[in-house]
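Please walk through the model below, starting with the chain as a whole and ending with single residues.

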Amino acid sequence: MQRIALVTGGTRGIGAAIARRLADSGYQVAAVYHGNEAAATAFQSETGIRIYRWDVADYEACAAGVAAVTRDLGGTVDILVNNAGITRDTMLHKMSPQQWNEVIASDLGSCFNMCRAVIGPMREKGFGRIVGISSVNGQRGQLGQTNYAAAKAGMLGFTKALALESAAKGITVNAVAPGYIATDMVAAVPDEVLKKIVAQIPVGRLGQPEEVARLVRFLVGDEAGYITGATFSANGGQYMA
Ligand code: NDP
């Protein structure tokens, strides 16, 4: 039977590369997006991958969305990739409560919301794969990103705790911490800042979304059952945790 994979933020950037890679590997894939309808419909017509629109920061929306995916794809979610994320960068002394709350809700609260919606059936089935896309900046911190670094570091603790809770049930929970990857999120970084960032990457370039997707593909496979509670860096040697 084809396994069912759900990728949040699966219509653009890293998530889109993950969704494509999993579909190419024979999984039934559902890709979740939030507001960029044009990008999502272009992705769907190009790939044939099913798309769903909901806000991963909203607990009820996640429960309803997962129920819709389960109904449409004819089975419960076997693989969850918590990839959706946003930035609202600014120094703490200028950060508004809204900038703080939005990032914590979208990048960390979403992990609770989505895992809560899929974990029951995974436990009953005795199989599951959960991968969270964290960040190098959650591992080491970054100027202007107290909100984002806190959320992404929070994902790492969440991953370890849920891995412990789930290990005896055939469910693995891991995190991937990418460095700077060429997506819209990084395109938003001012040119002069980006040049300085690239100069500090030992491999001398940004990463490609597909370079993260291949790692995720390995982690969600049946063959990766002994790997859980781990964080994998994909950052061009930028930070060695
Ligand atoms: P993009 O901004 O290119 O794409 C983000 C995706 O997430 C979009 O599909 C977007 O939907 C979706 N999304 C955002 N918020 C929500 C929400 N509340 N509910 C549902 N979907 C949502 O991001 P990247 O591909 O660059 O990043 C993907 C992940 O990787 C993020 O978690 C990011 O923090 C992390 N990361 C990225 C790095 C990079 O250098 N790019 C480095 C390290 C980590 P829509 O299209 O509708 O807006």
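The protein chain has 9 helices and 7 strands, where helices (H or I, at least four residues) and strands (E, at least two) are DSSP runs numbered from the N terminus. The radius of gyration of the protein chain is 17 Å, close to the 18 Å that the globule rule gives for 241 residues, so the chain is as compact as a globular protein of that length. That radius is taken over C-alpha atoms, and the globule rule is 2.2 Å times the number of residues to the power 0.38. Along the principal axes, the C-alpha atoms of the protein chain fill a box of roughly 50 × 40 × 35 Å.

This is a predicted model, in which local features need pLDDT of at least 70 and side-chain atom pairs count only at pLDDT 80 or more, while totals for chains, interfaces and linings use all residues. Residues are numbered from 1 along each chain as its sequence is written, and side-chain values use heavy atoms, with hydrogens and water left out.

Of the 241 residues in the protein chain, 46% are buried; buried means under 20% relative accessible area, exposed over 50%, and partly exposed in between (1.4 Å probe, protein chains only). The accessible surface of the protein chain comes to about 11,000 Å², with 54% of it belonging to carbon and sulfur atoms. These areas come from the Shrake-Rupley method with a 1.4 Å probe, and for residues only the protein chains shown count as cover. Among contacts in the protein chain with a separation of 6 or more, 71% join residues 24 or more positions apart, a contact being heavy atoms within 4.5 Å.

A UniProt record, an unreviewed entry, places the feature "domain: Ketoreductase" at residues 3–179. UniProt positions are given in the numbering used here, feature names are shortened, and annotations may be inferred rather than shown by experiment. Over residues 3–179 the chain is 53% helix and 19% strand, and the end C-alpha atoms of this stretch are 29 Å apart.

What surrounds Cys62, beyond its neighbours within four places in sequence? Cys62 lies in helix 3 (residues 59–73) and is buried, because its relative accessible area is 0%. With those sequence neighbours left aside, Cys62 is in contact with Trp54, Asp55, Val56, Asn113, Met114 and Ala117. The C-alpha atoms of Cys62 and Val118 are 9.6 Å apart in space, and the two residues are 56 apart in sequence.

Helix 4 (residues 97–125) holds Ser106, and Ile104 also has its place in helix 4. Ser106 is buried, with a relative accessible area of 15%, whereas Ile104 counts as partly exposed at 22% relative accessibility. Leaving aside neighbours within four places in sequence, Ser106 is in contact with Val56, Ala57, Ala84 and Ile86. Ile104 and Val189 are 85 residues apart along the chain, and their C-alpha atoms are separated by 20 Å.

Two further residues are exposed. Glu46, in helix 2 (residues 37–47), counts as exposed because its relative accessibility is 58%. The C-alpha atoms of Leu143 and Asp89 are separated by 8.6 Å, for residues 54 apart along the chain.
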